[in-house]
Amino acid sequence: MVAEMKMAVLPMEKQRELPISLEPLTRVSANFWWSWAADGAAIFRDLDSEIWAQCEQNPRVLLREISDLRLAQMAADPPYLERVAKLARDFDDYLSDQQLWVSQNGTPAITPEHPVAYFCAEFGIHNSLPLYSGGLGILAGDHLKSASDLNVPLVGVGLLYSFGYFRQHLGSDGWQQESYRETNRVDLAIEPVDDVAGGPLMIEVTMRGRPVRAQVWRASVGRVSLYLLDTNIPENHETDRLVTGHLYGGDRETRLVQEMMLGIGGVRLLRALGIAPHVYHLNEGHSAFLTLELAREQIESQGIRFSEASDNVRQSCVFTTHTPVAAGHDEFERPLLQECFGTEAIQALGLSAEEFMGLGQSIPGSREGAFGLTPLALKMCRSTNAVSRKHGEVSRALWQKMWPGRDVESVPITSVTNGVHAATWVAPLIRSLFEKHLGADWAKVGGDAWVSGIEGISNEALWRAHSLLRQKLIAFVRERLTQSRNGGDESDSGKISTEVRLDPNALTIGFARRVAEYKRWPLPLSDPARLARLLNDTARPVQFIFSGKAHPQDQGAKVILQQVAKWTANPLVRHRLAFLEDYDQEIARQLVQSVDVWLNVPRRPFEASGTSGEKVAINGGLNFSVLDGWWLEGYDGSNGFAIGVSTAESLNADAEDAESFYSVLENEILPLYYDRDAAGIPQRWVAMMKRSIATLVPRFNSDRMVAEYAERIYLTG
């Protein structure tokens, strides 16, 4: 891999000088606030929609590539300039608001001087900053945005990947093919952080017996700073430049040194910046080594033993676990761990090799087996939480072995159910309805005022907005399918004409997520004849849009994806099925804003939380899901549809859930959707849409989530 991917270090370019009337766009584009601001994305898109699409919605690239003529035209367009001026005023007002979040008891313990330090291996801020692969990263991005909106002092710490996550293309046989595109730092809305001498700030971590340096970059996410470590610098050995090469790429050794850089390097980064966190939040176990760095600092500065240092560290660290199965947690074998850490680093903790290995063991007193980052985090953090109530139950049972004297219920793992950032995921058409009936600060409205505001939206207005969004989605899908066909290696003979694929007026079901065995991608296709009959019903048509990636090393997931891809090409049904390649935030946004129904069929109890269905609810789409994760908490019998009637595991769960899926779709969803009045409006369906918005959005949003973390997790202990 090293030989194949020589990485260039590109100099930063000076930003293009814009006409004076458009100058505010330069500073707005440097802060990802624009991506969730009302009219933010549209203002950049309207400069040049073709370039906007080509550059994957990156304002920095757009402002560089747009023609002088087009800039001059827009700089003299009064209505457009009014929009730019308003966006700039809103941006300035947002940043100037110094009213910090305070706890319910009025104690502002989290301050700019002592913020939350939020560590994560990936951050899904926007698709123009490719530092994410899936749900964990999107959640982390939403967490930062809500911390900014609520003004909870917080800094993010992550890695700047040179190649990010892979790009996906399906071959003519449906097999996933991966490619990587090097990220040009010039294109990213990030800036290098300088040291006191005015040069680039660097931190250093010894790994594999040699020092590895990392440059520090900053991305602005509203009021929150996200600091990123980058080892792709000339001073490093070529191998070490790839420490921050690929997100979740490479072998176990690469994964280990990445996590050393994130945890150990992240703490050293904060020290170099003079930031003294109130609390360190480990979002998943990837950053767990930060606890050992904190302990080492205290051992060296105070001359205390590891046992005392670890007690102190524990009081300042909290941990969120996202994985409900033991096999999904990172583990490393002893020889690799000792090679990458080195004897001196272990001795600096005052521990023997056996004692060091014991920190990563889940069985008390054990020195055998691999070193797990989750056991390390559980031992070194004062608080551990899962990401839904059910996931809390599963996690307590999974890790009970670490507390052998306790029953499952008393294992100290709580839960904070995930939420999504409403302003990021709401469609502009739906946002306009919310603003009309709830005011400009609609995202902050709750309680009876929220319910009455949603009820105040007429069924006709909501259905008209949703129908327009569905039509927009179908046009988007057709365009993507055309691009995929023309850019691939397949002949037109194997493709149906995109002009006739999918119907903008048919019931549209979205199914998009990572391809993994437990997510049961084949379940909706398990009875092909029955499904074909439903798909080809001219009176009540239904269609599916799929999208998702399989991990490059997961051959089983690739086989599943291949089966689904082949089925979508079946001549009998392909006019009602589509698979969108290269699933990313833009595809996710188009789907969650526009589908009628969002399908989710994980095998219980392996859906830790899930958040895509929460995004759908914001836009009035209805969830059709197994009762697991967040949907187990959100479903009330009148705000969506459930697959299966039990939350317990069953030996025949796949067959039972498949039958439930077909039965509910055929006997409940389709009749309700196609029951139209004289004006063509499905009144009962729209009533359920409003019920979904009214009951789910106030509970399953990231403002609630971050406030709950601050109140229950950050300020406790």
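Residues are called buried when their relative accessible area is under 20%, exposed when it is over 50%, and partly exposed in between (1.4 Å probe, protein chains only). The structure is a predicted model, in which local features need pLDDT of at least 70 and side-chain atom pairs count only at pLDDT 80 or more, whereas totals for chains, interfaces and linings use all residues. Residues are numbered from 1 along each chain as its sequence is written, and side-chain values use heavy atoms, with hydrogens and water left out.

The pLDDT, the predictor's confidence in each residue on a scale from 0 to 100, has a mean of 92 for the protein, and 95% of the residues reach 70 or more. Over residues 1-12 the pLDDT is below 50, and this stretch has 32 contacts (heavy atoms within 4.5 Å) beyond near neighbours in sequence. Residues 489-499 also stay under 50, with 21 contacts beyond four places in sequence. Where pLDDT is low, the predicted coordinates should not be read in detail.

Helices (H or I, at least four residues) and strands (E, at least two) are DSSP runs, numbered from the N terminus. In helix α18 (residues 428-438), the buried residues are I430, R431, L433, F434 and L438. These lie on the same side of α18, because they cover an arc of only 160° around the axis, taken from the directions from the helix axis to the C-beta atoms. P428 and K436 are exposed on the face turned away from the buried side of α18. Just after this helix, G439 has a positive phi of about 100°.

R514 is located in the loop between β15 (507-512) and α21 (528-535). R514 is partly exposed, because its relative accessible area is 46%. Apart from neighbours within four places in sequence, R514 contacts K519, W521 and K549. The C-alpha atoms of R514 and G548 are 5.1 Å apart in space, while the two residues are 34 residues apart in sequence.
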